[in-house]
Each structure stands twice: as structure tokens, then as C-alpha cells.
Amino acid sequence: VVGRVFFGNDFKNYLIEGKEVTKYFKDTMADAAAMTMTFSNILLGVEFIKKGILAEHKRLMKQGDAILAFFNERVEERRAQIKELAEGNGKITRKKFLIDMLILNEIE
């Protein structure tokens with residue numbers, strides 16, 4: 001729901017590594033939560049996970065990077081669309097999604 005409110009109704013159509021974004025995000029967060037409860041994390045802290053020494057930690061960090069890249073790409077994609085629309089007719093008055101409001105506030 002949050003993804004659709006922020007990015008729009010077509011948010012569910014995007015994929016990361018062949019999975020729906022929402023499922024990929026949910027699975028990654030579940031993995032992260034499980035890893036934070038491991039003995040090694042309790043003993044060595046979250047920095048141990050961030051270093052990606054173990055294969056499962058490396059995989060989690062890669063998944064986090066993929067999510068971050070996805071969201072950055074969507075923001076830049078929408079920023080370009082809004083910029084193109086603004087150049088075409090001068091001003092955008094319709095603020096359909098939260099991302100639109102964020103970008104329009106940057107522009108104004």
C-alpha cells in the first residue's frame with residue numbers, strides 16, 4: 001500500500017530479480033530481521049553483517065542495494081517525467097502521488 005501511495009498504482013508491476021517489488025522487499029526484511037537475532041549478530045553487532053563476510057550477509061547486502069537502486073531509479077524516472085511535463089505546459093498542478101509532491105516541492 002505504501003509503495004502505491006508513494007510511487008503510484010503501477011508499483012506492483014515492477015520486478016526486482018524476477019520478483020514483485022513488494023514480495024522482494026518483504027522477503028529481504030524478513031531475512032534481515034532473522035539475521036539480527038542470530039548469535040553472531042548479537043555477539044559482533046550489525047557491522048558484522050554490513051561487512052558481508054558470510055555468504056548470507058553478502059546476499060542480504062546485495063538485496064538491500066538492489067532495493068535502494070530500484071527506489072532511486074523510480075524517483076529519477078518520475079523526476080524526468082515531471083520535468084518533461086513542466087517544460088511542455090509550464091506548470092503541473094495535479095499532485096497524484098506522494099512522489100509527485102516531493103519532486104514538485106523540489107522544483108518550486
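**Ground rules.** Because the model is predicted, I took local features only at pLDDT of at least 70 and side-chain atom pairs only at pLDDT 80 or more, while totals for chains, interfaces and linings use all residues. Residues are numbered from 1 along each chain as its sequence is written, and side-chain values use heavy atoms, with hydrogens and water left out.

**Entry 1: Thr-28.** I started with Thr-28, which sits in helix 2, residues 21–36. Helices here are DSSP runs of H or I, at least four residues long, numbered from the N terminus. Is Thr-28 buried or exposed? I found it buried, at a relative accessible area of 4%. The cut-offs are under 20% for buried, over 50% for exposed and in between for partly exposed, with a 1.4 Å probe and protein chains only. Next I looked up its contacts (heavy atoms within 4.5 Å). Setting aside neighbours within four places in sequence, Thr-28 touches Leu-60, Gln-63, Gly-64 and Ile-67.

**Entry 2: Thr-36.** I then moved to Thr-36, also listed in helix 2. Thr-36 is partly exposed, with a relative accessible area of 34%. Beyond residues up to four places away in sequence, I noted contacts with Asn-41 and Ile-42. Where does the side chain of Thr-36 reach? It reaches the backbone oxygen of Ala-33, at 2.7 Å. I also checked a distance to Leu-15, 21 residues apart from Thr-36 along the chain. The two C-alpha atoms are separated by 26 Å.

**Entry 3: aromatic rings.** I searched the whole structure and got 3 aromatic pairs. Rings of Phe, Tyr and Trp (its six-membered ring) pair if their centres lie within 6.5 Å; planes under 30 degrees apart are stacked, over 60 edge-to-face, the rest tilted. Why did I log Phe-25 as partly exposed? Because its relative accessibility is 37%. Phe-71 also counts as partly exposed, at 23%.

Phe-71 pairs with Phe-70 too: their ring centres are 5.3 Å apart and the planes stand at 70°, so I logged this pair as edge-to-face. Phe-70 is buried, with a relative accessible area of 4%. Which residues form the cluster? I wrote down one aromatic cluster of Tyr-14, Phe-25, Phe-70 and Phe-71.

Methods. Helix = DSSP H or I, 4+ residues; strand = E, 2+ residues; numbered from the N terminus. Polar contact = N/O pair within 3.5 Å; in protein donor to acceptor, adjacent residues only side chain to side chain.
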